[in-house]
Amino acid sequence: MTLVRRLLDQAARTPGDVALVAGDGAELTYGELRRRVLAVRHGLLAGGLAPGDGVLFSVRPSPESLVLALGVVAAGGVVVFADPGAGPEMFTARLSLARPRWSAAESVLYAGSRLRPVRAYARRRGLLLPNLADLQIPGEEPMRHIHVGRRLPGVPRGALSFARLVRGDAPEPGTDADPGAPAAVIFTSGTTADPRAVVHTQASLAAALDLFRARLPLGPGDVVHTDQLMLGLPTLISGARWSMPPLFTLPADFARLMRDRGATHTFCVPVHLAEVLDASPELPPTLRYVLLGAAPAPPAILRRAVAAAPTAEVLSVYAMTEILPVAIASAEEKLAHTASGDLLGAPLPGVGTRLADDGELLLSGPNLCRGYLGADPLAELPTGDLARLDEGRLVLTGRKKDMLIRGKFNLYPGLYEPSIAALPGVAEAAIVGVPDPETGDEEVVLAVVGPADLPARLRRGLPDVIDHDALPDRIVVVDELPRSGRTRKLDRDRLRELVTP
């Protein structure tokens, strides 16, 4: 059964229940959600969308973006996430690889990328927008367009209106799309010469949602407060209510909305949760689950989360864009882990794990993506993470690419950072190497967030905690660790620049 079919069937069972609460508080019932998805599906097919057509997706998280994405997939299309704000060269490289036939964007983005004064305004603020209205893939027919929001100057002539699509006929589909066909393309990394995109099918995404639901009980009456699609979708398939915060929500407002809407589950990036707890030290008593993911959760954050939500289970999710989720560990498990490395937890049912000769973690399972766009299908994913098995539980020991070289000693930061972050006074810790151009060795620099006297204390205490060969050459106190992207991932390159003399 496809992902979309599961959602449609659930919506048919509880048409009067509220499926989604938008950022502005507007409610959407399951029955109306179902009708809108089917209407968009029908309108796109009538407009010429063919099975396998890629749809470049430039619509921010909202009820409209959810309906449109589901409608595209229900029609057999492929949602292509390529971030038009990535810069003109990178965007062009990604476009050349994905070769989408359609573009779906907010009207304001079409206007902003085409109108000269708006483009100049965006450029002054460091945002180089492509001209979405004039996109053309060499050798392909002119790209078709869908706009979300009222028509503005700059929206291409002939573009389909999302508002009209959702008001159209919504016939029941005769057949479902192939569950093994591509459903989403997600660009993750790479260069302009070699962009990398993950291809997920409806089947791999459905398997991922099942794993979330197996570890995270969800059902009617539950309220999940998040802007994350991969937690919002299992919410809807379970008949629960998705509480979607507004875009750019302040931490205090995020906490207030959880209380006002009676949230039972929430998901946060660790750094975001820290900001929420700064604004609201106590989380709502209705919470039963607090999920942390997209980046390692430092012990200090885990302790704060447990104290802020004493009746909730605080969970840390290990996942990758290519395969999610992989393992889920409770805060109690992680805090009780005193050995080296970051405890990830036991692999979830059906997730295959294997360690290569060099310790790299290899993953497989029904939730594994089909592969990378333009490459052969994947049977097993080399994660780039170094790990070990501890009584059936995965322990992350480092990243292959983050390895530092100190003489004959290979230093993996991920092996030591959790232990350092658990020391008194340390809020966060990260290790980077500053290359020595003369010797080829790297100066090992430990950056910590904490009080000014922390380096002196760490100099005394670190020899009892980490290997002698891993002791830092320098310890630097910073106000915060630099992070990037929506997931607030540690940016080691920027940190290296900060600590380089």
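I will go through cores, sheet, strands, cavity and pocket.

Ground rules before that. This is a predicted model, so local features need pLDDT of at least 70, side-chain atom pairs count only at pLDDT 80 or more, and totals for chains, interfaces and linings use all residues. Residues are numbered from 1 along each chain as its sequence is written, and side-chain values use heavy atoms, with hydrogens and water left out.

Cores. A nonpolar core here is a set of buried Ala, Val, Leu, Ile, Met, Phe, Trp, Tyr and Cys residues joined through side-chain atoms within 4.5 Å. Buried means under 20% relative accessible area, exposed over 50%, partly exposed in between, with a 1.4 Å probe and protein chains only. The largest core has 49 residues, and Leu 33 and Leu 68 touch the most other members. Helix α3, residues 63-74, gives the most to this core, with 8 residues. Helices (H or I, at least four residues) and strands (E, at least two) are DSSP runs, numbered from the N terminus.

What does Leu 68 contact, leaving aside neighbours within four places in sequence? Val 40, Phe 57, Val 59, Ala 104, Ile 146, Val 148 and Phe 162. Contact means heavy atoms within 4.5 Å. Another core, of 31 residues, lies apart from the largest one; Phe 267, Leu 315, Leu 344 and Leu 361 are among its members.

Next, the sheet. It is open, with 8 strands and mixed pairing, in the order β2-β1-β11-β10-β12-β13-β14-β15. Two strands pair if DSSP finds at least two bridges between them. β2 (27-29) and β15 (323-330) are the edge strands, each pairing on one side only. On average, neighbouring strands are turned by 20 degrees against each other, direction ignored. Strands β10 (223-225) and β12 (265-268) run parallel, joined by 2 bridges. Val 224 has His 265 in β12 as its bridge partner.

Helices pack on this sheet. α2, residues 30-46, touches β1 (18-21) and β2, and its direction makes about 75 degrees with that of β2. α10, residues 251-260, touches β10 and β12, at about 165 degrees to the direction of β12. Axes are lines fitted to C-alpha atoms, for helices over the stretch in contact, and angles run from 0 to 180 degrees between N-to-C directions.

Now strand β3, residues 54-58. Buried or exposed? 5 of its 5 residues are buried. Gly 54, Leu 56 and Ser 58 sit on one side, Val 55 and Phe 57 on the other. In a regular strand, side chains alternate between the two faces of the sheet. β3 runs parallel to β4 (78-81), with 3 bridges. Val 55 is partnered by Val 79 in β4.

On a 1 Å grid over the protein atoms alone, a cavity is a set of points where a 1.4 Å probe fits but cannot get out; a pocket is an open set with protein on both sides within 12 Å along at least five of seven lines; lining residues have an atom within 4 Å of a point. Grid points are joined across faces, edges and corners, and a volume is the space filled by probe spheres set on the points. The search finds 1 cavity of 30 Å³ or more. The largest cavity has a volume of about 60 Å³. Helix α1 (3-13) supplies the largest share of its lining, 3 residues. The second largest pocket holds about 380 Å³. α11 (270-279) gives the most to that pocket's lining.
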